[in-house]
Amino acid sequence: MSATSKARQRRYRERQKSGRRVLMLEIDEVETATMLEELHFLHPLDADDDEALERALCKMIQVLCRALAGDV
């Protein structure tokens with residue numbers, strides 16, 4: 001097993017232990033960026049940055065889940 005596959009396996013096990021999953025989503029880029037900007041999860045200048053978009057989407061989902069669970 002190569003170093004990269006070992007690291008990938010380790011990250012997979014860490015996610016599994018913490019109850020996390022990686023999902024691939026197909027989204028409308030403009031609609032999603034606009035929504036995240038309007039909800040103040042994404043700065044308008046970061047709308048073309050895939051990593052910023054991913055972070056903003058994750059943050060929005062966390063906030064929503066916590067709000068629905070009454071943790072906010």
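Trainee: Which residues does Thr32 touch, not counting those up to four places away in sequence?
Mentor: In this predicted model, Thr32 touches Ile27, Leu53 and Leu57, leaving aside residues up to four places away in sequence.

Trainee: And where does Thr32 lie?
Mentor: Thr32 is part of helix H2.

Trainee: Buried or exposed, that Thr32?
Mentor: Thr32 counts as buried, because its relative accessibility is 10% and the cut-off for buried is under 20%.

Trainee: Let me follow up on Leu57. Which helix is Leu57 found in?
Mentor: Leu57 sits in helix H3. With residues up to four places away in sequence left out, Leu57 touches Thr32 and Leu36.

Trainee: Is Leu57 buried or exposed?
Mentor: Leu57 has 16% relative accessibility, so it counts as buried.

Trainee: OK, zooming out to the helices. At what angle do H2 and H3 pack?
Mentor: Helix H2, residues 29–38, and helix H3, residues 50–69, pack at an angle of about 60°, and their axes are 10 Å apart. That angle makes H2 oblique to H3.

Trainee: Why give me both an angle and a distance?
Mentor: Because two packed helices are described by the angle between their axes and the distance between the axes.

Trainee: What about the crossing, left-handed or right-handed?
Mentor: H2 passes H3 in a left-handed crossing.

Trainee: Which residues meet there?
Mentor: From H2 you have Thr32, Ala33, Met35 and Leu36, and they meet Leu53, Ala56, Leu57 and Met60 in H3. Sorted by class, the contact of H2 with H3 has seven nonpolar residues, one polar and no charged ones.

Trainee: Switching to the loop between H2 and H3. What is the phi of His40?
Mentor: His40 lies in that loop, between H2 and H3, and its phi is near 65°, a positive value in a residue other than glycine.

Trainee: Why point that out?
Mentor: Because most residues other than glycine have a negative phi.

Trainee: Is His40 buried or exposed?
Mentor: At 71% relative accessibility, His40 counts as exposed.

Trainee: Where is the place of Asp46?
Mentor: Asp46 is in the loop between H2 and H3. Its relative accessibility is 30%, so Asp46 counts as partly exposed.

Trainee: How many residues apart in sequence are Asp46 and Ala33?
Mentor: They are 13 residues apart in sequence, and their C-alpha atoms are 8.8 Å apart in space.

Trainee: Now back towards the start of the chain. How many residues has H1?
Mentor: Helix H1 has 16 residues, running over residues 3–18. From its first C-alpha to its last, H1 reaches 23 Å, which is close to the 22 Å expected at 1.5 Å a residue.

Trainee: What is H1 followed by?
Mentor: H1 is followed by Gly19, and the phi of Gly19 is positive, near 75°.

Trainee: Last one, Met24. Is Met24 buried or exposed?
Mentor: Met24 counts as exposed, because its relative accessibility is 82%. You'll find Met24 in the loop between H1 and H2.

Trainee: What separation do the C-alpha atoms of Met24 and Pro44 have?
Mentor: Those C-alpha atoms are separated by 23 Å, and the two residues are 20 residues apart along the chain.

How values were computed. Residues are numbered from 1 along each chain as its sequence is written. This is a predicted model: local features need pLDDT of at least 70, side-chain atom pairs count only at pLDDT 80 or more; totals for chains, interfaces and linings use all residues. Side-chain values use heavy atoms; hydrogens and water are left out. Helices (H or I, at least four residues) and strands (E, at least two) are DSSP runs, numbered from the N terminus. The expected span of a helix is 1.5 Å times one less than its number of residues. Axes are lines fitted to C-alpha atoms, for helices over the stretch in contact, and angles run from 0 to 180 degrees between N-to-C directions. Angles under 35 degrees count as roughly parallel, over 145 as roughly antiparallel, 65 to 115 as roughly perpendicular and the rest as oblique. A crossing is left-handed if the near helix is turned anticlockwise from the far one by less than a right angle, and right-handed if clockwise. Contact means heavy atoms within 4.5 Å. Ala, Val, Leu, Ile, Met, Phe, Trp, Tyr, Cys and Pro count as nonpolar, Asp, Glu, Lys and Arg as charged, and the others, Gly among them, as polar. Buried means under 20% relative accessible area, exposed over 50%, partly exposed in between (1.4 Å probe, protein chains only).
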